[in-house]
Amino acid sequence: MGANAMVKGEVNYRAGDGPMIRIPEGPVEVELADDSAVLSWGDAGNTQSTALPIAEYERYVRDGLIALNT
């Protein structure tokens with residue numbers, strides 16, 4: 001997994017109707033679509049992923065909680 005962003009603060013997602021879950025700080029891979037951003041993180045044996053609505057993802061980036069690698 002090639003990381004192209006870093007989680008640098010409290011970034012949360014909701015799995016179905018369950019509670020909010022925090023994405024751990026560190027490297028993530030981001031794949032953008034028109035309406036969502038899919039974030040993947042973890043090591044090769046335990047990769048997790050979630051889709052965030054694009055507006056929520058953009059807010060996390062704007063607020064500095066997700067930093068894009070350039």
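# Worked exercises on strands, core and helix

Thr 50 sits in strand E6, which spans residues 48–53. Strands (E, at least two residues) and helices (H or I, at least four) are DSSP runs numbered from the N terminus. You are looking at a predicted model, in which local features need pLDDT of at least 70 and side-chain atom pairs count only at pLDDT 80 or more, while totals for chains, interfaces and linings use all residues. Residues are numbered from 1 along each chain as its sequence is written, and side-chain values use heavy atoms, with hydrogens and water left out.

**Exercise 1.** Find out whether Thr 50 is buried or exposed, and list what Thr 50 touches beyond its sequence neighbours.

*Step 1.* Recall the cut-offs: buried is under 20% relative accessible area, exposed is over 50%, and partly exposed lies in between (1.4 Å probe, protein chains only). Thr 50 has a relative accessible area of 11%, so Thr 50 is buried.

*Step 2.* Now look for contacts, meaning heavy atoms within 4.5 Å. Not counting residues up to four places away in sequence, Thr 50 touches Tyr 13, Ile 23, Ala 37, Val 38, Leu 39 and Trp 41.

**Exercise 2.** In what order do the strands of the open five-stranded sheet lie, and which strands stand at the edges?

*Step 1.* Two strands pair if DSSP finds at least two bridges between them. The order is E6-E5-E4-E1-E7, with antiparallel pairing.

*Step 2.* E6 and strand E7 (66–68) each have a single partner strand, so one side of each has no neighbour in the sheet and these two stand at the edges.

*Step 3.* Axes here are lines fitted to C-alpha atoms, for helices over the stretch in contact, and angles run from 0 to 180 degrees between N-to-C directions.

*Step 4.* Walk through the bridges. E4 and E5 pair over four bridges, and Val 30 has Leu 39 in E5 as its bridge partner. A hairpin of three residues joins E4 to E5. E1 and E4 pair over three bridges, with Ala 5 opposite Val 28 in E4. E1 and E7 also pair over three bridges, and Met 6 stands opposite Ala 67 in E7.

**Exercise 3.** Which members of the largest nonpolar core touch the most other members?

*Step 1.* A nonpolar core is a set of buried Ala, Val, Leu, Ile, Met, Phe, Trp, Tyr and Cys residues joined through side-chain atoms within 4.5 Å.

*Step 2.* Among the 15 residues of this core, the members with the most such neighbours are Ile 23, Val 28, Val 30, Leu 39, Tyr 57 and Ile 66. At least two residues each come from strand E1 (5–7), strand E2 (11–14), strand E4 (26–32), strand E5 (36–41) and helix H1 (54–62).

*Step 3.* Take Val 30 as an example. Leaving aside its neighbours within four places in sequence, Val 30 contacts Asn 4, Ala 5, Ala 37, Val 38, Leu 39 and Tyr 57.

**Exercise 4.** Which residues of H1 are buried, and why do they fall on the same side of H1?

*Step 1.* Place the helix: H1 lies across E4, E5, E6 and E7, at about 100° to E6.

*Step 2.* Its buried residues are Ile 54, Tyr 57 and Tyr 60. They share one side of H1 because they cover an arc of only 120° around the axis, taken from the directions from the helix axis to the C-beta atoms. An α-helix has 3.6 residues a turn, so residues three or four places apart point the same way.

*Step 3.* These buried residues of H1 pack against E2, E4, E5, E6 and E7. Exposed Ala 55 and Arg 62 are on the face turned away.

*Step 4.* Just after H1, Gly 64 has a positive phi of about 80°.

**Exercise 5.** How many salt bridges are there?

*Step 1.* Look for a side-chain nitrogen of Lys or Arg within 4 Å of a carboxyl oxygen of Asp or Glu. The count comes to one salt bridge.

*Step 2.* Glu 25 forms a salt bridge with Arg 22, with the closest N and O atoms 3.4 Å apart. Arg 22 is partly exposed, because its relative accessible area is 43%.
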